[in-house]
Amino acid sequence: MKYAGRLAAVAFVGALSLAACGTDNNTGASGTTAATEAAADSGLSGTINAAGSSAQANAIDQWKKEFQAKNSGVSINYQPSGSGAGIQAFIQGTVALAGSDSALKDDEPAKADARCKTGKALNIPMVTGPVAVVYNLPGVEGLQLSPKTLGGIFNSKITKWDDPAIKADNPNATLPSTPIQAFHRADESGTSDNFTKFLEATADWPYEAAKAWPAEAKGQGAKGSDGIASSVKDTEGAISYVEMSFADNSQLQKAKVANGSGEFVELTPESAAKTVETAEIKGTGNDLALSIDYATKTPGAYPIVLVTYEITCEKGLPAEESKLVKSFLTYTASDEGQAALKDLGYAPLSGELLTKVRSTVEAIS
């Protein structure tokens with residue numbers, strides 16, 4: 001059954017504490033048995049304050065429900081305030097865990113390391129969130145869009161739905177002359193960062209990829225993934241980008257997008273997973289920052305994906321805080337935790353990457 005809930009924003013409350021838990025959290029590379037045992041340890045108690053990516057809000061909501069059901073003494077407060085806000089909250093020390101749809105970059109790693117004091121801040125990929133190109137065009141099903149066409153639309157160069165470029169991508173479709181209403185994230189967002197990275201890599205996008213939408217590209221802004229989904233649903237002629245889970249929950253039309261080989265690919269968890277499987281790990285040590293090939297030519301690979309990272313300290317958090325964060329992440333990386341993602345509109349991690357994620361979580365102390 002598709003989980004259609006929304007994670008309500010909650011205030012950061014209370015200090016994080018942990019009673020003696022009586023578990024060694026001994027999760028090896030395989031992770032399955034130890035993950036289940038850690039998640040079922042009823043001795044855990046305390047509060048995790050976390051914030052960040054709204055793209056993973058539905059995943060966190062489900063994980064929170066399951067983890068707290070097994071650990072009645074634990075409370076997880078997650079504020080889906082956006083990736084940029086989550087990273088700043090982590091750097092400032094008001095949260096123990098930040099969710100970000102992009103790995104730390106520029107001056108963020110140094111600031112995050114300083115917050116961790118005795119250790120490094122880690123980028124731990126945990127949620128694969130396929131980015132859907134969503135649109136509202138009654139009567140037009142199965143729309144196909146090439147990267148170049150998408151670049152023109154979001155750079156305000158293509159302004160009507162019957163533009164020759166869109167017709168060329170959809171030779172058998174009857175397209176109306178409806179004006180295009182292009183929406184983008186108004187807040188800083190890892191979703192925007194990944195979408196503009198895709199455009200920069202594939203569409204002659206003239207701006208630098210960034211969490212903040214370039215003002216020169218114009219368009220209309222909407223705050224958060226919920227805001228994007230609502231705006232598209234309520235506006236005929238609209239187009240935008242949003243995580244697959246929000247697109248599905250709002251029952252929005254999703255376009256097929258051409259990958260690097262020119263193949264128009266329908267977005268599914270499986271087609272998105274093919275792109276993530278080929279991602280290169282650019283982090284060092286236990287840091288698992290990834291480099292995604294947005295111009296992938298892998299057959300059947302959907303090219304616009306984001307990976308949400310859980311950002312925390314490898315070392316340096318108070319011991320009680322560290323144990324509780326480690327136990328929660330052990331659960332999210334478990335077979336049970338990852339299996340829950342598919343029904344929520346995400347693509348579960350698998351193979352070598354999942355093994356490395358589990359090893360990184362085990363290294364938290």
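Student: Why is Tyr-241 called buried?
Tutor: Tyr-241 has a relative accessible area of 1%. Buried means under 20% relative accessible area, exposed over 50%, and partly exposed in between (1.4 Å probe, protein chains only). The value 1% is under 20%, so Tyr-241 is buried.

Student: What are these values based on?
Tutor: This is a predicted model, in which local features need pLDDT of at least 70 and side-chain atom pairs count only at pLDDT 80 or more, while totals for chains, interfaces and linings use all residues. Residues are numbered from 1 along each chain as its sequence is written, and side-chain values use heavy atoms, leaving out hydrogens and water.

Student: Why is Phe-154 called buried?
Tutor: Its relative accessible area is 2%, which is under the 20% limit, so Phe-154 is buried.

Student: How many aromatic pairs are there?
Tutor: Rings of Phe, Tyr and Trp (its six-membered ring) pair if their centres lie within 6.5 Å; planes under 30 degrees apart count as stacked, over 60 as edge-to-face and the rest as tilted. By this rule there are 11 aromatic pairs. One of them is Phe-67 with Phe-328, 5.4 Å centre to centre with 75° between the planes, and edge-to-face. Phe-67 lies in helix α2 and Phe-328 in helix α11, 261 residues apart. Helices (H or I, at least four residues) and strands (E, at least two) are DSSP runs, numbered from the N terminus. Phe-67 and Phe-328 are buried.

Student: What makes the pair of Phe-154 and Tyr-241 edge-to-face?
Tutor: The ring centres are 6.0 Å apart, within 6.5 Å, and the planes stand at 65°, over 60, so the pair is edge-to-face. This pair links helix α5, which holds Phe-154, to strand β8, which holds Tyr-241, 87 residues apart. Both residues belong to one aromatic cluster, whose members include Phe-195 and Trp-213.

Student: How do you know that Cys-116 and Cys-313 form a disulfide?
Tutor: A disulfide is a pair of cysteine sulfur atoms within 2.5 Å. The S to S distance is 2.0 Å, so Cys-116 and Cys-313 meet the definition. The pair links helix α4 (Cys-116) to strand β14 (Cys-313), 197 residues apart. The structure holds 1 disulfide.

Student: What makes the charge of Arg-115 sit over the ring of Phe-90?
Tutor: A charge sits over a ring if NZ of Lys or CZ of Arg is within 6 Å of the ring centre and within 35 degrees of the ring normal. The charged end of Arg-115 is 4.7 Å from the ring centre of Phe-90 and counts as sitting over the ring.
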